[in-house]
Amino acid sequence: MNMMVKRVKSEWAYHYSVWKSAVDWVIWLYIFIPALSVAGYQYYLLWTGTADWPNHYPLTFTWFIFFIISLKGTTRLFIRDGDVLFLRQHPSCLRAIMKGGIIYSFIVNTLLIVIVAGLFLPLWLIYDDVSYENIASFLLFVIAFRMIYHLAKQWVSLTYSGWPLFFVNMLLTIISLAIFNGALFSSSIIRLVIILFLIMSLYVLVKWRLNATWHFFDDCVREQGEKLKLSAIFIAVQGYKMPKRFKNHKKPHILFPDSDPIYSARTADNVLSESVIKYSVRNKSKLFTVFQLTVVFMIAVVLAPFWIKWLLLPICTFALIHFIRTAWTDLTSHSFFKLYRFKKTTQTDLAIKRAIAWISLPSCFLIGFITGWAAFSPLIGLIVALITVTLTYVFLIKELLV
């Protein structure tokens with residue numbers, strides 16, 4: 001356990017050094033302090049009940065923010081590559097470090113949930129008239145739910161690969177969303193039953209995680225990525241993209257398995273557009289995130305009041321397009337792409353926009369269809385979907401900067 005504590009201190013010291021090197025007094029003076037002052041004043045208005053803006057927004061969304069938070073992060077184990085020399089040969093020592101990492105993850109998870117809940121507490125108590133008992137039971141559920149989701153996601157990533165991993169991840173997200181909705185909109189007794197079920201499931205998953213030491217090297221890679229996550233964020237903010245490393249990719253089983261051309265005319269513009277499309281749809285992580293965003297946005301427009309649905313429709317659509325656009329940025333940072341000279345022209349911009357449009361249209365169609373259906377009827381939903389994809393395509397082709 002002492003070794004575990006030393007590793008936690010070492011990692012937090014590293015994070016502090018990264019933060020200190022990236023955030024100087026200028027950023028504090030001109031960004032953080034003004035932002036914290038405005039946020040603090042608004043928080044004070046919420047507690048006094050004098051803020052008017054919460055009356056114009058559905059507070060139901062504040063509960064679903066915890067579902068989005070639950071999807072992010074992972075359970076830490078704090079094992080390192082060097083442990084293979086000694087600790088790998090002593091399972092009891094390795095298990096002690098892993099157990100300490102799980103306890104650390106539980107503490108951090110609880111603190112995060114409590115802090116976020118503290119920010120929403122005046123909204124729930126004053127503007128939504130929610131009882132303390134309801135809030136406490138919901139937070140207990142979220143703490144157990146988030147831990148279980150992270151452990152289940154680790155089990156899935158270590159058990160499956162390729163397209164089976166993609167579909168199992170989709171299934172895991174759907175099941176998690178169903179459990180979250182069931183706990184959120186159920187009575188206190190049913191919620192307590194769900195919490196008890198989650199606690200028992202958490203015990204089983206923790207026991208599996210401590211015994212699954214044969215995934216040692218996969219765990220080391222994940223731990224290294226978690227340690228460098230803050231550094232990667234600051235590097236990305238500076239506009240630098242880490243070059244993509246070559247991997248021995250397996251042949252895709254579903255989308256373009258034989259690399260058949262999408263466009264029959266093999267012009268330079270068509271090849272560029274085809275490359276962006278194939279790079280995007282073969283990236284399982286990015287494709288799964290697009291699926292998650294689409295599901296979340298559809299749920300949001302269903303639950304929103306009538307007039308807010310039409311406000312969320314363009315917001316969700318543009319947010320999805322912006323995320324899909326990152327595929328082009330990732331592609332340009334790939335080491336293979338850098339082997340060729342590339343000069344942006346009007347035609348290449350149009351080819352990139354066309355590729356982003358084709359990738360975005362299915363999700364935009366679904367969001368538009370659900371919006372019209374939830375507001376009126378399936379027929380109106382179809383009309384809204386067609387209008388949405390048309391306007392999206394026109395916007396992408398005419399306005400999007402690449």
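**View 1. Salt bridges across the predicted model.** A search of the whole structure turns up six salt bridges (a side-chain nitrogen of Lys or Arg within 4 Å of a carboxyl oxygen of Asp or Glu). This is a predicted model, in which local features need pLDDT of at least 70 and side-chain atom pairs count only at pLDDT 80 or more, while totals for chains, interfaces and linings use all residues. Residues are numbered from 1 along each chain as its sequence is written, and side-chain values use heavy atoms, leaving out hydrogens and water.

**View 2. The D83 and R7 pair.** Here D83 forms a salt bridge with R7, with the closest N and O atoms 2.6 Å apart. D83 sits in the loop between α3 (60-71) and α4, and R7 in helix α1, so the pair ties together parts 76 residues apart in sequence. Helices are DSSP runs (H or I, at least four residues), numbered from the N terminus. Both D83 and R7 are buried (under 20% relative accessible area, with a 1.4 Å probe and protein chains only).

**View 3. The R209 and D219 pair.** Now look at R209 and D219, a salt bridge whose closest N and O atoms are 2.8 Å apart. R209 belongs to helix α7 (residues 188-211) and D219 to helix α8 (residues 216-227), 10 residues apart. Both R209 and D219 are buried.

**View 4. The E226 and K229 pair.** The side chains of E226 and K229 meet in a salt bridge at 3.1 Å, N to O. E226 counts as buried because its relative accessibility is 18%.

Conventions. Helix = DSSP H or I, 4+ residues; strand = E, 2+ residues; numbered from the N terminus. Buried < 20%, exposed > 50% of the residue type's maximum accessible area, 1.4 Å probe, protein only.
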